[in-house]
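Here is a short report on one protein model. Keep the sequence and the structure in view as you read.

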Amino acid sequence: MFSFCTDPGTLGDAAWMACYLTTGKHMALYWSVGTVLLLLAITAPVSLAFGFGGAAAARSSVAPLRWFGKTYIALVRGVPDIAYFLFFVIALDQAFEYVRHKVKCPDWDQPIRQGNDFVVCAAAKLPLGNAPQWMHETYGFFLAVLTFALVFGAFAANVLYGAMRAVPRAQMETAEAYGLTRRQCFWRILVPQMWVFALPGLSNLWMVLVKATPLLFLLGVEDIVYWARELGGAKTPRFTDYPHGDWRMWYFLALLVFYLFLTWVSERVLARVMARLTHGQATVAGEAARKAA
């Protein structure tokens with residue numbers, strides 16, 4: 001914060017605005033932008049890993065594994081996302097604390113479920129009650145990433161499962177005729193070629209993931225939507241040195257610009273990835289890229 005901001009009431013308009021935009025809460029707003037970008041950077045590959053595992057399981061020749069993969073895809077896709085976002089955070093948190101409770105407090109003689117309350121010993125709490133604030137925030141962010149990955153991993157699994165089925169069966173049969181095992185056919189023939197079929201669906205899923213980041217607020221993480229609403233609301237001189245009217249429109253307009261810019265960058269990156277994947281591929285997109293070159 002600037003040194004001349006000690007008495008905001010004596011400042012001119014430009015200096016007042018400079019001081020206002022560098023308060024501690026505004027710094028938290030700027031940090032929350034990094035939180036959203038970090039969430040996307042971590043969740044995207046983790047969701048893709050979950051999706052790949054789900055798709056591979058869904059096409060497995062082992063029946064229980066195939067049932068598990070298809071059930072995972074169907075269950076998550078058939079329920080509104082917000083229900084899972086609210087459910088998984090509570091369920092995962094209680095599952096972790098339950099396991100810790102059984103390990104750390106084996107002599108506990110009281111029921112864990114006491115009516116609507118979930119009660120474990122103090123040593124099993126996550127994080128511990130005397131843990132620093134950054135550990136509470138990190139744990140909440142970890143639960144948010146895991147929840148996003150489980151939900152969007154199911155959608156990615158459905159996309160990748162369809163992409164695997166889109167690879168011509170004749171290529172797999174040719175590889176098998178040359179003596180390749182099922183594992184070799186999967187990793188050397190199927191996986192390299194499925195991405196060109198999967199990328200359109202995955203790109204749409206990425207856009208949905210970008211738009212879903214405001215749900216962080218529901219998961220207890222103070223994201224940019226939370227701070228935009230908090231800072232944009234009317235403030236009176238009684239509670240702040242920087243009183244102002246209802247500025248939520250301007251804060252949410254800034255969020256609109258931020259998300260549009262993120263979408264614009266994403267579209268261009270995905271277009272370059274698609275051009276690279278389709279280079280030399282015997283597909284409509286690959287043929288169009290070859291003719292354009």
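## Order of the elements

From the N terminus on, the elements run α-α-α-α-β-β-α-α-α-α-α-α. The protein has ten helices and two strands. Helices (H or I, at least four residues) and strands (E, at least two) are DSSP runs, numbered from the N terminus.

The model is predicted: local features need pLDDT of at least 70, side-chain atom pairs count only at pLDDT 80 or more, and totals for chains, interfaces and linings use all residues. Residues are numbered from 1 along each chain as its sequence is written, and side-chain values use heavy atoms, with hydrogens and water left out.

## Overall shape

Along the principal axes, the C-alpha atoms fill a box of roughly 85 × 65 × 30 Å.

Of the 293 residues, 37% count as buried. Buried means under 20% relative accessible area, exposed means over 50%, and partly exposed lies in between (1.4 Å probe, protein chains only). Take the contacts with a separation of 6 or more: residues 24 or more positions apart account for 67% of them. Contact means heavy atoms within 4.5 Å.

Helix H3 covers residues 63–77. At 1.5 Å a residue, its 15 residues should span 21 Å, and its end C-alpha atoms are 21 Å apart, which agrees. The expected span is 1.5 Å times one less than the number of residues.

Which residues of H3 are buried? They are Gly-69, Tyr-72, Ile-73 and Val-76. Seen down the helix axis, they fall within an arc of 90 degrees, so they line one face of H3. The arc is that of the directions from the helix axis to the C-beta atoms. An α-helix has 3.6 residues a turn, so residues three or four places apart point the same way. The buried residues of H3 pack against helix H2 (24–58), helix H4 (81–104) and helix H5 (133–166). The face turned away from them carries the exposed residues Pro-64, Trp-67 and Leu-75.

## Nonpolar cores

A nonpolar core is a set of buried Ala, Val, Leu, Ile, Met, Phe, Trp, Tyr and Cys residues joined through side-chain atoms within 4.5 Å. The largest one has 63 residues. Phe-148, Phe-152 and Met-194 touch the most other members. H5 gives the most to this core, with 17 residues.

Look at Phe-152. Leaving aside neighbours within four places in sequence, Phe-152 is in contact with Ser-47, Phe-85, Leu-205, Val-208, Leu-209 and Ala-212. A second, separate core of six residues includes Cys-105, Ile-112, Phe-118 and Cys-121.

## Salt bridges

A salt bridge is a side-chain nitrogen of Lys or Arg within 4 Å of a carboxyl oxygen of Asp or Glu. The count comes to five. In one of them, Glu-230 meets Lys-25 (3.5 Å, N to O). Glu-230 lies in helix H8 (residues 224–232) and Lys-25 in helix H2, so the pair ties together parts that are 205 residues apart in sequence. Glu-230 is partly exposed, at 28% relative accessible area. Lys-25 is also partly exposed, at 42%.

Arg-169 and Glu-176 form another salt bridge (3.6 Å, N to O). Together with Glu-173, they are linked in a network of salt bridges.
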